[in-house]
Amino acid sequence: MSPAPLLALAASAPVNHTALFMFLGFVALTLVITYYSARRSSGTSAYFAAGRRITGWQNGLAIAGDYMSAASFLGIAGMIAFKGYDGFMYSVGWLVAYLTVLLIVAEPLRNAGKYTMADVLAYRLSPRPVRAMASLSTLTVSTFYMIAQMVGAGALVKLLLPGVGYEWVVSGVGVLMIIYVVFGGMLATTWVQIIKAVLLMSGTIFLSLLVLSHFDFSFSKFFDAIAHVPVKGADGVMATKDFLQPGLVFGRTAANPWGPLDLVSLGIALIGGTAGLPHILVRFYTVPDARTARVSVVWAMILIGLFYIMTTFLGFGAATILTPGNIPVENMSAPLLAKALGGEIFFAFISAVAFATILAVVAGLTISASTSFAHDFFTNVIHHGREHRPGEEVRVARITAFVVGAVAIFLAIKLQTINVAFLVGLAFAVAASANLPVIVLSIFWKRFNTTGAVAGLGFGLLASIVLIIISPSVMGIDVPGTAASARHLIQHAAMFPLKNPGIVSVPLGFLAAVIGTLLTKEPAAEKLFAELEVRANTGLGAEKATPH
Amino acid sequence: MSSPDPLPSDPTPESAAPTDIAPIGRAGAKPPHERTASEEAGAINWDAIDADPDFRGLLRDKARFIIPATVFFLAYYFALPILVGWFPDLMKHRVGSVNVAYLFALSEFFMAWIVAGFYVVKAAGWDKTAAALLARFNH
């Protein structure tokens, strides 16, 4: 079937009922899980870390579910459908980043921490300033990322389910994530992420098989088609383009001389930032020990790697089967491909999966933000590490989750016409420039101290935010008539040439941490290094799973 | 298979023990598996373990794998955007029905899996070393 009539159908359909029912089915299932999680779990470690009884493969699926956002699923497929190879190159960093997690961060963190990344820092450094800064950085990363996800959800619904209002969708997503986190805690969040990962992987596998079967399972036919994608040139004449050739996004051109350097800079933020993302790091506290944490990263790497390789099939499939000229918006490439190859039902399934994806990611962000606020800021900074009443920390976390959710709904509705795509880049940049340096230095450098940690967190955070604000992501002069969602927030020529600040902000974060350390001496911190080293490398004294 | 937390020690007293009556209930020291992290902090001689030659050897072994592996994967990863960005003609060279750029990007996925595989094999050995070390310190 040719795609054109299908597109007309998509534009005229008021509400896609099949998609709506499938999505409601997912919601019902997750609510049942939340109900059982709420009944089963009691106690602090049950709420924040699912009792540390999640198994390796379960946690691997949950990490994958926590990590693979709608931006990867729809965004990368769309980028490849419109720009070919450069989208594929872009997807690589999202997997390779897990080597940093596996080799450097996951096991020491699981061995030496309790609920948050700040636990590891607070071991030998002065707990209150370090936790306060770490909590600030965690909340910044989580809320930025969350707003980007929720605005994305609203934008997605306009495309997939025209007829359902933006405010309704954003509020619905927000209320559901609050319910999962407030009532079900980490256990419910984990299972929402596991189910989402299974749905996303099966949808992607099925769609990839449909694409390959379209080319009679012949890779040479597939790649020949990719080498001849019909696109309209600047002069309006249709011509074929080789979509396997690099350079359409990150190529060096007169208009964009910084393209390749921007990609390197993004790579630095991804490779360093993934190992500093609070919602990924908290997942390692849900397993019984460091060995299981390691196994779970390997599971996650297998799933995430397969997912991105298949995403390229979806992107190239959309480019060759639908052709870019027949896709109205980049993000619609994968869902429209599903419609063209698998019909209305499969389109509905893929749309429901996209929403499940958003829900799982925002639930993970909410629980990591509320854990950090309750555990780091409330209990340890304000109350000097003591609960005044039993169960207080969990109660504070629940209230925080509610507040964070409500603020996110409000901001996502307020910001619906604003281009917030840069917030995801900002979240990764802060994670790489503020969180990663202090985690790595506190585990591996004996001399590291409180001043260094506070300086590293502070400057890393500040440098990322300032550089993003003066970058072309936020600053730029638009031609009159640019759509609101694509407009630059500040109408002024950009003062920093790269969209991704990582190449400057990550070295700055490390430098600030090192200089801050060298300026002061902290014998107490150095003395405790032996203990941290033994804990991190042997698992002696690590937090254990709670018995059934 | 030893774990970081051995079972509670046999309550039967040794022949030369100061008392022949095993502690009842919660009066005695908690067995290691019941200690919380903060109680454990005082019960373990961290400095002695840290200074132990076997532990230093374990750290050296880990560094000897992790540092080169990290340098390797960073170099391999950043080679892709650098080669594509600054040497596009080399990367556009066709190989069969694909090109060098595509094969290189695809190889990144296998590189990540292979490095992870090597790490898991190495880490299983480190687990054994750590367990043996802790057993020597009665933990």
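Contact, throughout these legends, means heavy atoms within 4.5 Å. This is a predicted model, where local features need pLDDT of at least 70 and side-chain atom pairs count only at pLDDT 80 or more, while totals for chains, interfaces and linings use all residues. Residues are numbered from 1 along each chain as its sequence is written, chains are lettered from A and ligands numbered from 1 in the order in which they are written, and side-chain values use heavy atoms, with hydrogens and water left out.

**View 1. Where chain B meets chain A.** Welcome to the interface: 56 residues from chain B and 54 residues from chain A take part in the contact. About 4,800 Å² is buried between the two chains, 72% of it from carbon and sulfur atoms; buried area is the accessible area (1.4 Å probe) that two parts lose on being put together, summed over both. On the chain B side, B:Trp46, B:Tyr102 and B:Phe109 lose the most area to chain A, together 15% of what that side buries.

**View 2. A salt bridge across the interface.** Here the side chains of B:Arg94 and A:Asp242 form a salt bridge, at 2.8 Å from N to O. The term stands for a side-chain nitrogen of Lys or Arg within 4 Å of a carboxyl oxygen of Asp or Glu. Between chain B and chain A there are 3 salt bridges.

**View 3. The surroundings of A:Asp242.** Beyond its neighbours within four places in sequence, A:Asp242 is in contact with A:Ile226, A:Ala227 and B:Arg94. A:Asp242 counts as buried because its relative accessibility is 19%, and buried means under 20% relative accessible area (1.4 Å probe, protein chains only).

Methods
Buried < 20%, exposed > 50% of the residue type's maximum accessible area, 1.4 Å probe, protein only.
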